[in-house]
Structures are given as C-alpha cells and as structure tokens.
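Q: Please take a close look at a single part of the structure shown here.

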Amino acid sequence: MTAIRLQESALQAERAVLNHKLPSGEPYLQTIKQGQTLRIVDLEGNQAVDVIFYNAQDPAEHYSATDTMLSQGGIYLTTGTVLMSSEARPMLTIVADTCGRHDTLGGACAAESNTVRYALQKKFMHSCRDNYLIALQHADIGLGKRDLVPNVNFFMNVPVTPDGGLKFEDGVSGPGKYVELRAEMDILMLVSNCPQLNNPCNAYNPTPAQFLIWD
Amino acid sequence: MESFTEIPANPSVTDPVDVPAHWKRFAPDLDESKVMWSEIVPGGGHWSYVMPRGSSLRMVALEDGANLSMVLYSSREKLERYNMPDSLKAQHTAHYTRGHVLMSDMGRSLASITLDTVGWHDPMGGLLDAERLKQQYGERRFDTHRNAMYRSGKDGLLIEIGKHGLSRRDLIAPVNFFSKVSVDEEGRFQFAPGHAKAGGAVQLRFDMDTLIAFSTAPHPLDPSSAYAPKKVGLAAWRSGPALKDDFCRAFRPECARAIHNADMLYL
C-alpha cells in the first residue's frame with residue numbers, strides 16, 4: 001500500500017495535560033489550544049473515530065474536507081497533512097501517525113443514511129450523527145445540524161479506485177496505533193466514537209479510543 | 001454543435017414575455033409543451049433556482065471544458081442539504097453518472113441523474129475560491145473589466161445561497177458537473193483537462209422540491225493559466241417524478257431506498 005507516511009512520536013503519556021478514554025458509541029466535545037498537540041489512540045484496532053474540528057474563536061469556520069484534499073492535491077490523510085478550514089486556513093497538522101492512513105470521504109453514519117445503505121428497518125440504531133447532535137444540544141453553544149459537515153474518519157481506510165469507485169477496505173489500523181495533530185489555531189473538537197454495527201470495517205465491534213493532549 | 005459565441009438578441013418586447021427559446025439550440029429533443037424555461041449561463045456566472053419535485057434540468061456544455069459547480073438544499077427545509085460523503089459511500093462511488101442519486105443528509109434523494117453523455121462528474125474537487133483564483137489567474141476587477149471581471153466559484157455560490165438566507169456556514173461540498181477528477185495509486189487528484197466536449201449533456205430529475213445554486217467558474221484543479229470559463233445551457237422541463245420502473249431506482253438498492261425516502265414526503 002502506498003501513500004502511507006509512518007511517524008512515531010516522542011511524547012510521553014504521563015506528561016499529557018489531558019488523558020481521556022472514550023468508550024465506543026459516545027460523543028466527546030473538547031477544546032484544544034493553539035500549539036497544543038492532540039493524540040488519538042485506536043486502543044483495540046480498526047475503530048473509526050469520527051471528528052469535526054471548529055475554530056474555537058469563531059465556530060462558523062469549520063473543518064473542510066474539500067479544502068483539505070484540494071490543498072494537498074489528494075484524498076488520504078497522514079503525516080504532513082494539514083487539515084484546512086472552510087476559509088482555507090490551516091487548522092491542525094498531522095505530526096505523527098503510526099496508522100498511516102485516515103479517511104475524509106466516508107462521512108459520519110446517521111440513522112437516515114443507514115436506511116439507505118443497509119435497510120429501511122435500521123433507522124432506530126445508534127449513529128455518529130445522533131452523537132454529534134446530542135453533544136451540541138447539551139453544549140448549547142449555537143452550533144447545530146448545519147454545522148455537521150463532512151468529517152475526518154481517523155483510522156478508516158476508504159480507497160478510491162482509478163475508475164472512480166469507492167471501497168471500504170479492512171482497516172490499516174491495529175491495537176494501540178495513534179495519530180497526533182498539532183493545533184494551528186484554537187480548536188473545538190467534536191467527536192463521535194463510531195457505533196456502526198452494520199459495517200465490516202470495524203469487524204462489527206466498536207471499541208474505545210483514547211485522547212491525550214500535551215502543551 | 002453550433003457555436004455559442006454570439007448570444008441572439010432578445011425576442012420582441014411585444015411578446016408576452018421576453019424569454020428566448022434557448023433550449024431549441026442545445027436540447028431540441030425536449031417536448032416544447034413541457035419546457036418551463038431555458039438559459040445560457042456565461043462562463044463564471046452564477047444563479048439559483050427552486051426546482052419542484054417532478055421537474056428535470058438538462059445541463060449542456062456549450063464549449064469544451066465546461067464546469068458547473070452546484071450545491072443543493074431542500075427548499076422546504078434548508079437544513080436538509082446535499083451530503084457528499086453520504087452520497088458517495090451509499091453508492092460506493094467517487095464520481096457521478098447516469099443512475100446515481102444526489103442524497104441529502106436525511107437519507108433522501110434530492111435529485112437523480114437520468115441522462116448523461118459525459119460519463120463522469122466530480123464530487124470531490126470543491127470550489128475555486130478568490131485566493132486560489134488570484135494565484136492562478138491574477139486579478140480582474142469590475143472597475144477595469146466590467147462583467148469580464150474574474151469571479152470565483154465560491155463567491156458566486158455564497159451570493160446565491162445568501163439570496164435564500166443561507167450563510168458561509170451553510171456552503172457545502174458541491175458537485176462539479178462536466179469535470180473529471182480521478183485518484184491515482186498515491187491518492188493524488190488527477191484532473192482531466194477538457195473532459196466535457198461541447199454538446200455533452202447531463203440531466204437531473206428532482207425527487208424533492210430543491211433549491212439549487214451554481215457557478216460556472218473554472219474547476220479549482222483546472223491547470224489552465226488563462227481564466228476562460230465556459231458557457232453552459234440549461235433547460236428545465238416537466239418530466240414527472242420517478243416511476244416504479246425508473247432507471248435510477250433500479251440502479252442500486254441504495255438508490256431505490258433514497259428515492260423511496262423522498263417519495264414518503266409527498267404521499
């Protein structure tokens with residue numbers, strides 16, 4: 001497999017200023033200050049961690065999948081990728097990555113999209129967008145469904161074929177693999193630790209993820 | 001394909017409405033009794049329409065290398081809008097052609113592609129913004145160039161969605177009709193210059209009442225050093241909604257379910 005740039009980090013967990021374990025299927029809303037480093041750990045492997053980033057000072061500015069892909073001229077996120085905002089400004093830079101490939105085309109699952117993808121009867125299952133909405137409703141900070149823009153799926157492998165097909169491959173991730181991002185602006189991070197039970201990409205078994213932040 | 005260099009004079013002002021029958025020049029197969037309106041959009045232009053369920057929009061490249069960047073919203077509830085990842089993953093595709101449907105974030109088909117002679121339309125490339133335009137093409141402002149000024153696709157769409165109360169927060173990833181962007185083994189974008197030829201056509205059938213906004217500014221990956229956006233012809237007509245044996249319904253089970261979910265709004 002190509003276009004994978006592996007890079008380990010020297011940061012030590014015991015020196016982190018935040019260390020949060022997020023069970024599978026739960027949301028998480030967290031701020032990251034400019035200059036801080038965020039690590040997301042795929043504790044048990046092949047979990048999808050669905051994340052949208054906002055400018056904490058002006059949440060109308062959000063992560064943009066298309067600006068990120070356009071800026072680097074390609075679709076895969078790995079070491080060196082700069083995550084761009086809807087205003088085409090750098091939000092975060094991937095500075096370490098032991099997984100090597102992350103997706104930004106696959107989006108976040110929703111009850112409604114589950115009816116389309118799997119079966120009409122799947123609508124009452126838990127989903128990432130339910131997670132996003134409940135986190136935003138409780139936070140009550142003026143963000144809502146219109147702000148649920150195409151996200152990053154950390155640890156997911158979604159290749160595009162030369163003839164324009166989209167595939168959901170076995171994850172390239174594994175237990176303990178991680179990705180680290182340096183915040184280039186003050187960031188509000190909205191996470192859903194994906195509860196999808198219909199997709200083989202996580203072996204039908206969603207698992208916890210760990211979040212660490214260093215100054 | 002005839003040349004569209006010259007736009008004909010308007011019809012006589014003594015006609016009841018001074019609307020030229022542009023469609024006869026680029027979509028003459030349409031049934032005159034069903035055509036609602038037609039338009040020739042200049043390169044770099046932008047506009048928006050509300051398309052009722054059961055109407056169709058024929059889009060025709062009038063010059064080689066056209067691009068039309070379109071965003072779509074439910075006109076009844078504009079919080080519901082085209083969703084690029086949902087549409088791509090449901091149909092396991094990174095391009096659009098006949099049979100595909102453009103799905104909303106609520107699992108419904110906003111529009112289905114019922115005709116396509118171009119074969120590939122880009123959902124990934126995003127929009128040309130003012131900064132990128134300036135870096136690539138330089139600057140031409142109204143003061144010196146009047147309506148030959150350079151216009152970015154992003155600003156064109158912001159103007160159009162602004163007419164309907166939507167803001168930059170609501171600007172979504174567009175569909176770039178007529179443009180082809182493939183992905184190589186390394187994951188890099190490969191833009192196909194001049195992909196759509198003059199006369200190439202694609203048609204959307206609206207499965208919901210849909211607000212569309214579009215710009216004919218160049219694709220952001222177009223490597224051309226000259227700002228030369230191309231004209232696109234539009235013709236809207238009454239096609240009726242998707243029947244039971246509809247091609248798009250049968251294209252994939254996911255398409256059938258998305259059109260079904262849209263039908264449920266119009267029982």
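In S10(B), which residue is the bridge partner of B:Arg58?

A: The bridge partner of B:Arg58 in S10(B) is B:Gln203. Some conventions come first. The model is predicted, with local features requiring pLDDT of at least 70, side-chain atom pairs counted only at pLDDT 80 or more, and totals for chains, interfaces and linings using all residues. Residues are numbered from 1 along each chain as its sequence is written, while chains are lettered from A and ligands numbered from 1 in the order in which they are written.

Strand S10 of chain B covers residues 201-206; strands (E, at least two residues) and helices (H or I, at least four residues) are DSSP runs, numbered from the N terminus. Five of the six residues of S10(B) are buried, so this strand is largely enclosed by the rest of the structure. A residue is buried if 20 or more other C-beta atoms, placed from the backbone, lie within 10 Å of its own, exposed if 12 or fewer do, and partly exposed in between.

The pair B:Arg58 and B:Gln203 belongs to the antiparallel pairing of S10(B) with strand S3 (residues 55-61) of chain B, over five bridges. Strands count as paired if DSSP finds at least two bridges between them. Strand S6 (residues 109-116) of chain B also pairs with S10(B) in the antiparallel sense, over five bridges. Here B:Phe206 in S10(B) is the bridge partner of B:Ala111. In a regular strand the side chains alternate between the two faces of the sheet.

Chain B also contains an open sheet of four strands, in the order S2-S11-S4-S7 with antiparallel pairing. Strand S2 (46-51) and strand S7 (175-177) of chain B are at its edges, each with a single partner strand, so one side of each lacks a neighbour in the sheet. Strand S4 (residues 68-74) of chain B is joined to S7(B) by three bridges, and B:Ser69 has B:Asn176 as its bridge partner in S7(B).

Chain A itself has three helices and ten strands, and buried residues make up 49% of its 215 residues.
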